[in-house]
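Hi everyone, thanks for making time today. Let me put the structure up, and then I'll walk you through some salt bridges and the packing inside.

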Amino acid sequence: MTDKLSVLQELAIPFPIPASFCRQARAYAEQYFVQDVRQRIYDNTLAVLVADAYFRLLGFETNLTQPERWNAPRRLWSEANELELPGLGNLECRSIATGQQTVTLPPESLSDRIGYLFVEIASSEKLAMLLGFLPAFESEPPDLEVAIADLQSMDDLIDYLAQQESSSGVEIAETIDLTREFAEKRITYLRNWLNNIYTAEWEPSMRDLRTATCKKKIPLAGQVFEMQLSVSQNHDESILVRVIVRGESASLPRGMQVSVPDESDIYTETVNEAADLISIPLELSPCEELWVELRLGESFCREYFIA
């Protein structure tokens with residue numbers, strides 16, 4: 001693996017694919033009659049839906065709501081691979097297979113795009129990786145075949161979009177604040193745990209048919225605490241989460257606070273008397289963002305999650 005590809009994959013964004021995305025992509029693809037075309041449409045539509053959910057989490061405005069967009073007979077000139085970012089333009093979304101080394105760009109779609117986003121779709125169709133992007137070219141188009149290793153990273157894409165917003169005069173303060181809050185932090189995707197996908201910093205501790213539990217040691221103010229999250233999926237696809245924080249070797253210190261977002265407010269549990277743990281139950285919508293903050297005196301830290 002080349003160094004450039006290693007960096008690209010390290011900065012890639014994993015994103016769970018809800019069953020509703022698969023249903024929507026399948027319904028749109030079935031409007032096409034040729035099997036090879038139908039499969040391509042299905043894969044690329046998944047890429048669009050994943051990209052749409054990701055950018056909305058970052059605070060970018062998107063537009064996938066027009067009914068005519070999903071009417072294939074009215075779109076003979078396009079396969080609906082673009083994600084519209086109002087005020088900026090269209091971002092072309094292309095799916096790629098795991099291990100794919102090159103991508104081919106159709107020259108006819110270069111003129112009205114701000115760039116290309118490449119999304120790796122796992123064979124299980126339960127996980128996507130937002131892998132990298134290629135900005136639009138103002139003069140000569142790029143070679144039709146581009147090596148995956150030559151793509152720019154997702155970090156570069158966020159910077160690129162921020163620059164486009166600045167140059168277009170779009171109000172960017174709120175978006176950039178949220179982008180920095182989540183895009184510059186390491187995000188843990190809770191739904192991945194239900195699919196037996198874990199990151200190195202979270203240690204699986206318990207699992208049954210419905211629930212996955214992982215824990216992580218958190219150093220704070222000269223002490224070490226254990227944060228544990230138990231995740232399960234409800235029948236309506238909502239995600240049930242229980243956050244538990246305990247001391248590594250002793251009870252929690254007085255004055256310690258554990259906070260989570262609660263709609264437009266913040267919910268905080270405070271240790272006012274001797275306690276072994278703090279436990280907070282939550283119910284999240286699919287792809288809803290969550291942070292858990294531990295605070296002791298002037299010291300604090302946050303862990304970032306997406307359901």
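Let's begin with Glu 248, which is partly exposed at 44% relative accessibility. Glu 248 pairs with Lys 217 in a salt bridge, and the closest N and O atoms are 3.1 Å apart. Lys 217 sits in strand β10, residues 211-220, while Glu 248 belongs to the loop between β12 (239-247) and β13 (257-262), so this pair ties together parts that are 31 residues apart in sequence. Lys 217 itself counts as exposed, because its relative accessibility is 56% and the cut-off for exposed is over 50%. Please keep in mind that this is a predicted model.

How many salt bridges does the structure hold? The count is eight.

Asp 52 and Arg 56 form a salt bridge with the closest N and O atoms 3.0 Å apart. Both residues lie in helix α3, four residues apart, which is about one turn of the helix. Now, is Asp 52 buried or exposed? Asp 52 counts as buried, at 8% relative accessibility, whereas Arg 56 is partly exposed with a relative accessible area of 46%.

Next, Glu 293 and Arg 295, whose side chains meet in a salt bridge at 3.3 Å, N to O. Glu 293 is buried, at 8% relative accessibility, and Arg 295 is partly exposed, at 25%. Through shared partners, salt bridges join Glu 293, Arg 295 and Arg 302 into one network.

Now for the nonpolar side of things. The largest nonpolar core has 47 residues, and those with the most contacts inside it are Phe 15, Tyr 54, Phe 55, Leu 117, Leu 130 and Leu 161. Helix α3, residues 35-57, gives the most to this core, with twelve residues. Apart from this core lies another of 32 residues, among them Leu 194, Leu 229, Val 258 and Ala 307.

If you zoom in on Leu 117, its contacts beyond four places in sequence include Ala 51, Phe 55, Leu 91, Leu 130, Phe 133, Met 154 and Leu 157.

One last stop: Asn 192, in helix α6, residues 190-194. Asn 192 counts as buried, at 6% relative accessibility. Leaving aside neighbours within four places in sequence, Asn 192 is in contact with Pro 14, Pro 16, Leu 127 and Ile 197.

Thanks, everyone!

Note on methods. Residues numbered from 1 in each chain as written. Predicted model: local features only at pLDDT ≥ 70, side-chain atom pairs only at ≥ 80, totals over all residues. Heavy atoms only, no water. Core = buried A, V, L, I, M, F, W, Y, C linked by side-chain atoms within 4.5 Å. Buried < 20%, exposed > 50% of the residue type's maximum accessible area, 1.4 Å probe, protein only. Helix = DSSP H or I, 4+ residues; strand = E, 2+ residues; numbered from the N terminus. Contact = heavy atoms within 4.5 Å. Salt bridge = Lys/Arg side-chain N within 4 Å of Asp/Glu carboxyl O.
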